[in-house]
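Morning, everyone. Please look at the model on the screen, and I'll take you through its pockets.

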Amino acid sequence: RDAEITIGLYDYTVGALPLPVKITAGMFGFRGSKKRGLATLERVAKEGNWVHDEAKTLLIGLYTREKRYGEAAAYAKELAAKYPRNYLYRLETADALVAQAAQERQASNSTVLTPTETEAFATFDSLLKDKAVRDTAVRFLDLIHFKYGEALMTAGQFDRAAREFLASAEAPGAQQGLATMAHLNAARALDLAGKRNDALAQYRAVLARPNVYDAHDQAQSGLKEAYKRKL
């Protein structure tokens, strides 16, 4: 089954190459198929005795890439229940649910909070309240809060998003670059919430921190004009 996982991943990876690269690779004997690769991994996930969880873990990422968010969330929830101390599976669950909700919102052209988003937020809340997770993932609280903030921003919950971004920036041992982006996103969320003065304070906080991903330029723009959400 280990070999089947390798073959399935190889097939998918080669099959996912851009067409010109795939043609060139084929000339040198490298051939693959996304459909065949997924089918192989799905078979191992269902039938494998020892490595089925590894196949499911890979499928979470590949389903997400294919925008099959519901299936990604289903496997992530299954593995999260099986390995409750592994925060990554719950984070993967929340991410997949957020993406699924955005897909549903776009299809229905609605701004109403969906049950899928509510489930995603509950997943984030459970992560942050679970003592076992906090003990094992304390170094990653900045990332969990940041991801929660992004999910809330997507759902238009700007006040709550700002609080999560600030919690990310203030988490013990927060990664410096992530903290800079957390302040920037908090500023934008506050702008969208109509709290311009609070937003200005966060833009200034960005300028006092290390510059990553042109954060200083974006903060300068935010100081000049309130952030507007791109449609």
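**The pockets and the chain around them**

The largest share of the lining of the largest pocket comes from α9, with three residues. This is a predicted model: local features need pLDDT of at least 70, side-chain atom pairs count only at pLDDT 80 or more, and totals for chains, interfaces and linings use all residues. Residues are numbered from 1 along each chain as its sequence is written, and side-chain values use heavy atoms, with hydrogens and water left out.

How much space lies in the largest pocket? About 280 Å³. Its lining has 10 residues, and Met153, Thr154, Tyr227, Arg229 and Lys230 are the closest to its centre. Two elements give two or more residues to that lining: α9 (141-154) and α11 (176-192). A pocket here is an open set of points on a 1 Å grid over the protein atoms alone, where a 1.4 Å probe fits, with protein on both sides within 12 Å along at least five of seven lines; lining residues have an atom within 4 Å of a point.

Now the second largest pocket. It holds about 150 Å³. Its lining includes Tyr69, Asp95, Lys147, Glu150 and Thr154. Here α6 (87-108) and α9 each give two or more residues.

What is the secondary structure of the chain? It comes to 13 helices and zero strands. Helices are DSSP runs (H or I, at least four residues), and strands are too (E, at least two), numbered from the N terminus.

Last, burial. Of 231 residues, 43% count as buried, meaning under 20% relative accessible area with a 1.4 Å probe, protein chains only.

How values were computed:
Grid points are joined across faces, edges and corners, and a volume is the space filled by probe spheres set on the points. Buried means under 20% relative accessible area, exposed over 50%, partly exposed in between (1.4 Å probe, protein chains only).
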